[in-house]
Amino acid sequence: MTTLSPENSLSAMLSASFILGLHPFVRTEAWKFLTGYYSWQSSQDERLTVDSTRRKNYDALCQMYEKIQPLLENLHRNFTETRNHIAYDLQKLYNKDPLGNVLIDKKRLEKTLLLSYVCNNQAEYQRGFHEMVMLFQLMVEHDHETFWLFQFFLQKTEHSCVINIGVGKNLDMLNSLITFLDPVFAEHLKGKGAGAVQALFPWFCLCFQRAFKSFDDVWRLWEVLLTGKPCRNFQVLVAYSMLQMVREQALLESMSGDAILLACNKLIDLDADELISAACMVYAELIQKDVPQPLKNFFL
């Protein structure tokens with residue numbers, strides 16, 4: 001790769017991440033490149049400088065938060081409500097491995113979530129963020145890394161998991177994709193199966209986190225989303241592939257929307273590589289067709 005131009009080298013590295021996945025030993029550092037925390041062309045000295053700057057900026061944000069916290073508590077009811085939601089979600093969060101060892105520090109996690117809520121006005125706290133940020137905390141050592149990786153992940157994925165930005169668009173495009181590629185299933189989903197697709201918003205809000213059998217599988221899919229390959233908004237192709245898993249049963253049994261949703265909620269312990277491959281096959285099918293302009297703009 002060092003013999004390639006910077007642009008071709010970057011493309012090759014992203015392709016390798018997409019096709020092969022990342023080895024656990026390099027995941028922590030590789031994510032800093034995939035998210036944009038580091039530039040792909042940076043030197044080691046430059047990366048040390050960047051990390052130091054990110055740490056200082058994080059510390060400054062923490063100090064600012066501590067200063068304005070009393071004001072937020074007294075004047076902004078939404079802040080108090082959000083803090084209560086976060087505390088409730090963290091109380092329910094199971095944070096031990098099969099041997100009973102504590103995986104994450106809930107106090108540190110709460111701090112990251114509150115700071116993200118105060119500092120990122122595009123992505124207000126929503127149920128499920130605590131589970132997502134937990135995976136970032138498991139991946140890296142320091143709080144400033146957890147905070148910035150989560151912010152960069154949201155930006156890099158075009159806030160596709162944020163309810164008031166990307167989730168609604170994802171659901172609309174999923175409906176359009178089903179109508180285009182599978183009109184028979186689309187007809188059922190508009191009739192007896194009505195409401196099923198719109199109720200699948202948790203898939204997008206959690207970036208499919210609860211569908212997989214391991215954290216490694218979750219990270220594997222998220223890494224693909226970060227590469228932007230084979231297309232933009234790959235998450236909708238993933239959702240389409242998961243819906244296809246219940247399609248035959250839904251049509252055969254003429255299932256209602258609630259029954260289809262129940263069947264979709266039972267899609268757990270999936271293998272990331274198999275699901276990614278299925279979504280890639282959908283993409284391969286899509287590009288062979290005369291795609292409507294809205295879908296073309298969204299994916300291609």
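Helices here are DSSP runs of H or I with at least four residues, strands are runs of E with at least two, and both are numbered from the N terminus. With that settled, hello everyone, and let's walk through this model together.

A word on where it comes from. This is a predicted model, in which local features need pLDDT of at least 70 and side-chain atom pairs count only at pLDDT 80 or more, while totals for chains, interfaces and linings use all residues. Residues are numbered from 1 along each chain as its sequence is written, and side-chain values use heavy atoms, with hydrogens and water left out.

Let's begin with the annotation. An unreviewed UniProt entry carries the label "domain: Rab-GAP TBC" for residues 21-229. UniProt positions are given in the numbering used here, feature names are shortened, and annotations may be inferred rather than shown by experiment. In the model, that span is 68% helix and 0% strand, and its end C-alpha atoms lie 12 Å apart.

Now, some individual residues. I'll call a residue buried under 20% relative accessible area, exposed over 50%, and partly exposed in between, using a 1.4 Å probe and protein chains only. Contact, or touching, means heavy atoms within 4.5 Å.

Please find Arg54 in helix α3, residues 44-75. Is Arg54 buried or exposed? Its relative accessible area is 19%, so Arg54 is buried. Leaving aside residues up to four places away in sequence, Arg54 touches Gly36, Tyr37, His144, Trp148 and Phe152. From Arg54 to Ala30 is 24 residues in sequence and 17 Å in space, C-alpha to C-alpha.

Next comes Val133, which sits in helix α6, residues 129-139. Val133 is buried, with a relative accessible area of 0%. Again not counting residues up to four places away in sequence, Val133 touches Leu109, Thr112, Leu113, Thr146 and Phe150. Val133 and Arg54 are separated by 79 residues in sequence and by 18 Å in space, C-alpha to C-alpha.

On to a loop residue. His159 belongs to the loop between α7 (143-156) and α8 (163-181). The phi of His159 is near 55 degrees, a positive value in a residue other than glycine. His159 counts as buried because its relative accessibility is 7%. With residues up to four places away in sequence set aside, the partners of His159 are Asn120, Gln122, Ala123, Leu154, Ile165 and Gly166.

Now for helix packing. Two packed helices are described by the angle between their axes and the distance between the axes. The axes are lines fitted to C-alpha atoms, for helices over the stretch in contact, and angles run from 0 to 180 degrees between N-to-C directions. Angles under 35 degrees count as roughly parallel, over 145 as roughly antiparallel, 65 to 115 as roughly perpendicular, and the rest as oblique. A crossing is left-handed if the near helix is turned anticlockwise from the far one by less than a right angle, and right-handed if clockwise.

Our opening pair is α4 (residues 77-92) and α5 (residues 106-119), whose axes lie 10 Å apart at an angle of about 150 degrees. How are α4 and α5 oriented to each other? They are roughly antiparallel, and the crossing is right-handed. Their contact divides into nine nonpolar, three polar and three charged residues. In that count, Ala, Val, Leu, Ile, Met, Phe, Trp, Tyr, Cys and Pro are nonpolar, Asp, Glu, Lys and Arg are charged, and the others, Gly among them, are polar. Leu109 and Leu113, which touch Val133, are among the α5 residues that meet α4.

The axes of α8 and α14 (residues 272-287) come within 12 Å and cross at roughly 65 degrees, and this crossing is left-handed. Leu177, Phe180 and Leu181 of α8 make the contact with Val282, Glu285 and Leu286 of α14. That gives five nonpolar residues, no polar and one charged.

Finally, the stretch around α12. In the loop between α11 (215-227) and α12 you will find Pro230, which is joined to Lys229 by a cis peptide bond with omega about 0 degrees. Helix α12 (residues 234-252) and helix α13 (residues 257-265) have axes that come within 10 Å and cross at roughly 135 degrees. That makes α12 oblique to α13. The contact brings Leu243, Val246, Gln249 and Ala250 of α12 to Ile260, Ala263 and Cys264 of α13, making six nonpolar residues, one polar and no charged. Between α12 and α13, the loop holds Ser254, which has a positive phi of about 50 degrees although it is not a glycine. Ser254 is partly exposed, at 32% relative accessible area.
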